[in-house]
Amino acid sequence: MAANGPAAQGSPDFTRTALVRLERALRVQYYSPRTLEAYGGWIRRFLRFHRARQGGELGPAEAAAFLGALAERRRVSASTQNQARSALVFFYRRVLGRPLPPLVGVTPAGRPRRIPVVLSREEVARVIAELSGAKQLVAMLLYGSGLRLLEALRLRIKDIDFARLQITVRGGKGDKDRVTVLPEALVPRLRAHLGRVERLHQRDLLRGAGCVELPGAFARKSPSAQRAWEWQWVFPATSVYRDRVTGERRRHHLHETAVQRAMREAVLRARISKRATCHTLRHSFATHLLESGADIRTIQELLGHSDLETTMIYTHVLQRGAGAVRSPLEGLLGGGVDPPGRVRGPGPD
């Protein structure tokens, strides 16, 4: 997969060829579609940064210059810089055919520890009340089951187990499967929703559509599965598209941006002065479970964290933490003593 020296890098088609090779190498290594998109974007920006179409070697110095510009000029976050670095390491090794040596003066950016934004139970209820339809049901699953947004949107019918009140997350972050709780209070709403989805699927089948994208090579192994009910999305999109490769008329799952936009608008309508997103509902799920006395390792498993330390961040936002400490100022003001310089009695402040 290596490019053929400086001449290849200097050719007008180098960027296009390099991106095709990058995508092929990522697919061979079974990287997720999100990683394909992210790495492709970084390598496109890297090649544009160095004007690779006009020629020139791409060595360690060029990689270091690009990462330095990200940190110094664009002031990107540590996680963003590390993602760009990972994309370059993969690109040099798998596409250019030469491993990227340690970059002088460029070390992996340390990721600062941030306390997550968490909504109170009353705030969660206000936000959910401002949503409707499928988007409201998605929000309820994010909070009620601790799902990530894409994990909820990629649920298939077979992943919902009403009898055992559990949800199976397939290929979550890190390509890991896990099982989490299905709130019993959500069962009637979810059954009614799936009834509407099934009627939509039957109409699609009558119109010659009704196909769904299947994971990996399963479509070749079981072609009929793409029309089977159990493989359909729990939250299908409102429109049908035609696949460019197979020509089949398919229905994708609901797009994440539609839910994110609805969430932003709901937070504004609920007049909540926190920077709450869809992921905030997952943070609230974990924090409220801890407040209720749930075991930290159980929460770790429900969230799908590989490291317990990641789950421990929620202990910093518990009500029995900073919120349970009585400030010494309370005793000062509560005892009728005013701060120095303040004159007691009526009158303007």
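Q: In this predicted model, what share of the chain's contacts between residues at least 6 apart in sequence join residues at least 24 apart?
A: A contact here means heavy atoms within 4.5 Å. The pairs counted are at least 6 apart in sequence. Those joining residues at least 24 apart make up 61%.

Q: How many helices and strands does the chain hold?
A: Both element types occur in the chain. The secondary structure comes to 15 helices and five strands.

Q: What percentage of the residues count as buried?
A: Buried means under 20% relative accessible area. The chain has 349 residues. The buried share of them is 42%.

Q: What part of the accessible surface belongs to carbon and sulfur atoms?
A: The accessible surface of the chain comes to about 20,400 Å². Of that area, the carbon and sulfur share is 51%.

Q: Is L165 buried, partly exposed or exposed?
A: L165 sits in the loop between strand 1 (160-161) and strand 2 (166-169). Its phi is near 50 degrees, a positive value in a residue other than glycine. The relative accessibility of L165 is 27%. Buried needs under 20% and exposed over 50%, so L165 counts as partly exposed.

Q: Why does R271 count as exposed?
A: R271 lies in the loop between helix 11 (256-269) and helix 12 (278-291). The cut-off for exposed is over 50%. R271 counts as exposed because its relative accessibility is 73%.

Q: What is the phi of R271?
A: R271 is a residue other than glycine.

Definitions and conventions
Residues numbered from 1 in each chain as written. Predicted model: local features only at pLDDT ≥ 70, side-chain atom pairs only at ≥ 80, totals over all residues. Heavy atoms only, no water. Helix = DSSP H or I, 4+ residues; strand = E, 2+ residues; numbered from the N terminus. Buried < 20%, exposed > 50% of the residue type's maximum accessible area, 1.4 Å probe, protein only. Areas by Shrake-Rupley, 256 points an atom, 1.4 Å probe, with all protein chains shown as cover.
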